[in-house]
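Subject: Structure for you to look at, with notes

Dear colleague,

Here is the structure I promised to hand over.

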Amino acid sequence: ERVLHAVSLMQQRGVELRPHVPLLLEHASERVVERGVQLALEHGATEYAPKIEALLQSEHRRPRDEAAWALARLAPARAVQVLPPLLSAPDIGLRCAAIGALLGIEGGYPAQLALQECAIVLWQGPGAARELDADQRVGGGCVGCLGVMVAEEFEVGRVADPTVPDGEVEA
């Protein structure tokens with residue numbers, strides 16, 4: 001907590017935080033590392049992309065998920081290589097982070113792969129719904145957020161169920 005408080009105070013006072021990012025990324029506290037990833041992203045610190053990529057293997061959930069999002073923006077070419085295997089991760093949070101990160105990368109294949117996995121998460125994931133209604137779009141957490149992305153991508157309120165042949169919707 002002290003480190004996070006110090007970072008907040010430094011930021012309020014206009015201190016340049018970019019030089020402190022490597023120390024934050026190597027800190028023992030999960031929340032401090034997460035803040036380090038956020039600062040690297042805020043500063044566009046592409047030089048820290050390898051350290052952020054290494055966090056994808058972390059046992060700590062917060063920095064690992066944040067790293068997926070940050071890597072897609074700091075090093076999209078590398079993200080296209082390392083994020084697709086995370087689409088099958090057993091941790092739903094990591095899967096969602098990989099999906100969202102890949103959706104934000106320009107280009108066909110990674111986004112298509114992420115959309116396919118997103119649809120599977122929506123229909124088969126924990127608490128997933130078959131249709132996206134207004135309530136799910138507002139506060140549905142990971143699944144709701146991904147549902148909005150898919151709905152916007154297809155410009156409709158429903159997405160074909162990938163588990164049903166020819167994209168037919170089950171009755």
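Leaving aside its neighbours within four places in sequence, which residues is Ala-89 in contact with? Before the reply, please keep in mind that this is a predicted model. Once the neighbours within four places in sequence are left aside, Ala-89 is in contact with Leu-94 and Arg-95. Ala-89 itself lies in the loop that runs between α6 (76–82) and α7 (92–103), and because its relative accessibility is 10%, below the 20% limit, Ala-89 counts as buried.

**The chain as a whole**

The chain has 10 helices and zero strands, and from the N terminus on its elements run α-α-α-α-α-α-α-α-α-α. Among the contacts between residues at least 6 apart in sequence, 52% join residues that are at least 24 apart.

In soluble globular proteins, nonpolar side chains tend to be buried together. In this chain the largest nonpolar core has 42 residues, and those with the most contacts inside it are Leu-25, Ile-52, Leu-56, Leu-71 and Leu-83. Two or more residues are given to this core by each of α1 (2–12), α2 (21–25), α3, α4 (49–54), α5, α6, α7 and α8 (108–124), and the largest share, seven residues, comes from α7.

**Helix α5 and its two partners**

Two packed helices are described by the angle between their axes and the distance between the axes. Helix α3 (residues 30–42) packs with helix α5 (residues 61–74) at an angle of about 10°, their axes being 8 Å apart; since angles under 35 degrees count as roughly parallel, α3 and α5 are therefore roughly parallel to each other. On the α3 side the contact is made by Glu-30, Arg-31, Val-33, Glu-34, Val-37, Gln-38, Ala-40 and Leu-41, and on the α5 side by Arg-61, Arg-62, Pro-63, Glu-66, Ala-67, Ala-70, Arg-73 and Leu-74. Sorted by class, this contact of α3 with α5 has eight nonpolar, one polar and seven charged residues.

For α5 and α7, the packing angle is about 10° and the axes are 8 Å apart, which makes α5 roughly parallel to α7. Here α5 contributes Arg-64, Asp-65, Ala-68, Trp-69 and Ala-72, whereas α7 contributes Gly-93, Leu-94, Cys-96, Ala-97, Ala-98, Gly-100 and Ala-101. By class, the contact of α5 with α7 has eight nonpolar, two polar and two charged residues.

**Helix α1 against α3**

Helices α1 and α3 pack at an angle of about 25°, with their axes 10 Å apart, and α1 and α3 are therefore roughly parallel to each other. In this contact Val-3, Leu-4, Val-7 and Gln-11 of α1 meet Arg-31, Val-32, Arg-35, Leu-39 and Glu-42 of α3, and the residues divide into five nonpolar, one polar and three charged.

Val-3, which is found in helix α1, counts as partly exposed because its relative accessibility is 29%. Leaving aside the neighbours within four places in sequence, Val-3 is in contact with Leu-24, His-27 and Val-32. From C-alpha to C-alpha, Val-3 and His-27 are 9.5 Å apart in space, although 24 residues separate them in sequence.

Is Gly-36, by contrast, buried or exposed? Gly-36, which lies in helix α3, is buried, because its relative accessible area is 0%. Not counting residues up to four places away in sequence, Gly-36 touches Val-21, Leu-24 and Leu-25. Gly-36 and Val-7 are 29 residues apart in sequence and 9.6 Å apart in space, again from C-alpha to C-alpha.

With best wishes

Conventions. Residues numbered from 1 in each chain as written. Predicted model: local features only at pLDDT ≥ 70, side-chain atom pairs only at ≥ 80, totals over all residues. Heavy atoms only, no water. Helix = DSSP H or I, 4+ residues; strand = E, 2+ residues; numbered from the N terminus. Buried < 20%, exposed > 50% of the residue type's maximum accessible area, 1.4 Å probe, protein only. Contact = heavy atoms within 4.5 Å. Axes fitted to C-alpha atoms, helices over the stretch in contact; angles between N-to-C directions. Parallel < 35°, antiparallel > 145°, perpendicular 65-115°, else oblique. Nonpolar A, V, L, I, M, F, W, Y, C, P; charged D, E, K, R; others polar. Core = buried A, V, L, I, M, F, W, Y, C linked by side-chain atoms within 4.5 Å.
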